[in-house]
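Work through the exercises below with the model open. Each task is followed by a stepwise solution.

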Amino acid sequence: MWKIVLCTLLLCSCSSFYYHPSKNIFATPKQFNKDFKENIISTPTGVQLSSWTIYGKNDQKKNLIVQFHGNAENMSSHMLSLLWITDYNYDLITFDYRGYGKNEGSPSPLGLREDALTFLKYVENEFEKGNYQKLIVVGQSLGGAVLLDALRFYPTKDKIHLLVLDSTFSSYRRMAMKVLQKSWITFLFSPLGYLVASGETSPQGYISEFKMPKLVIHSKGDFIVDYSEGEAVYEELISPKNMWSFGQKSHIGVFFVENNKYRQEFLKYIESL
C-alpha cells in the first residue's frame, strides 16, 4: 500500500496536484448587464492570456480593482466574487492563467509567475491610461500565492495602493502537507508533500519587503485553505497591514456573508487610504 501511495506522489506533477482549470465558460459580464471588453495579453514566451475589463456604471471611475483569481474553473466563475464592486463606479480587470478558460498551455509554477508578471505590467499601463485614483490588487486563494511570488520580481509594486490577500497562503509545501493530511489514506504520507510541491515559487520568507498597505482576509471556518495560513501570511507582512477574520464556513466568500456587510466596509477601507 505504502509503495503505491509513494509512487503516486512522486509521479504526481505540481500541475495535477495544485491546478484544476476548466475550459467551460460559466458566465460572462454581459449576462449581468455589465459592459466589458476582452483583451488578449501576450507573455514574453508567446503564451496568449485572456483578460476581461468590466466597466463600472459611468465614466466617473474612482479606482481600478485587479483580480488574481483562485484555483479551479476560470475567471468566468471567479469574477462573480468581485463583480458587485462595479456597481460603485469601479472598474474590474480579471484574467486567466495559462491552461485556464480559453488559454492554451498547461499551468506550472514558473509559467504562472510569467503570466502574473505579464498581467501586472498590463494592469499598470491600463491604470495610467484610465486616470484612476487608486490601484487595488486582490489575490484570492491560489491567486494570492501567485501574486505574492510575482511581486517579488515586479520593480514598480509600490505603485499599488492596496494589496488584498483573500483566503491565501505563502507556502506550497505546507499546503501540500495539509491536503494530504485531510485523508486517512494519505495522512501518514503527508511529509511527502515536500516532494510533491516545489518551494521555488513559494513567497514565504520574501513578502516582508512589501511596503504598500496590505489587507489580509480569511475565514476562521475556511474549508480549503486553513485559517492558520492566513495568520502566517499576516505575521510575515510588515506594516501598514490589517487583517479581517470572520467565523462563517467560507472560502473567498467575505463579500457574501453577514448580509454582505463587508462590501461597504471594503469600500470605506479603500476610501480611507
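Tryptophan 244 has 14% relative accessibility, so it counts as buried (under 20% relative accessible area; exposed is over 50%, partly exposed in between; 1.4 Å probe, protein chains only). The model is predicted: local features need pLDDT of at least 70, side-chain atom pairs count only at pLDDT 80 or more, and totals for chains, interfaces and linings use all residues. Residues are numbered from 1 along each chain as its sequence is written, and side-chain values use heavy atoms, with hydrogens and water left out.

**Exercise 1.** Classify the ring pair of tryptophan 244 and tyrosine 269.

Step 1. Apply the rule: Phe, Tyr and Trp rings (for Trp, the six-membered ring) pair if their centres lie within 6.5 Å; planes under 30 degrees apart are stacked, over 60 edge-to-face, the rest tilted.
Step 2. The centres are 5.7 Å apart and the planes stand at 80 degrees, so the pair is edge-to-face.
Step 3. Check burial: tyrosine 269, at 17% relative accessibility, is buried.

**Exercise 2.** Classify the pair of phenylalanine 255 and phenylalanine 266.

Step 1. This pair is tilted, at 5.1 Å centre to centre and 55 degrees between the planes.
Step 2. Phenylalanine 255 is buried at 5% relative accessible area. Phenylalanine 266 is buried too, at 0% relative accessibility.

**Exercise 3.** Find what valine 123 touches beyond four places in sequence.

Step 1. Contact means heavy atoms within 4.5 Å.
Step 2. With neighbours within four places set aside, valine 123 is in contact with Leu64, Val66, Ile93 and Leu135.
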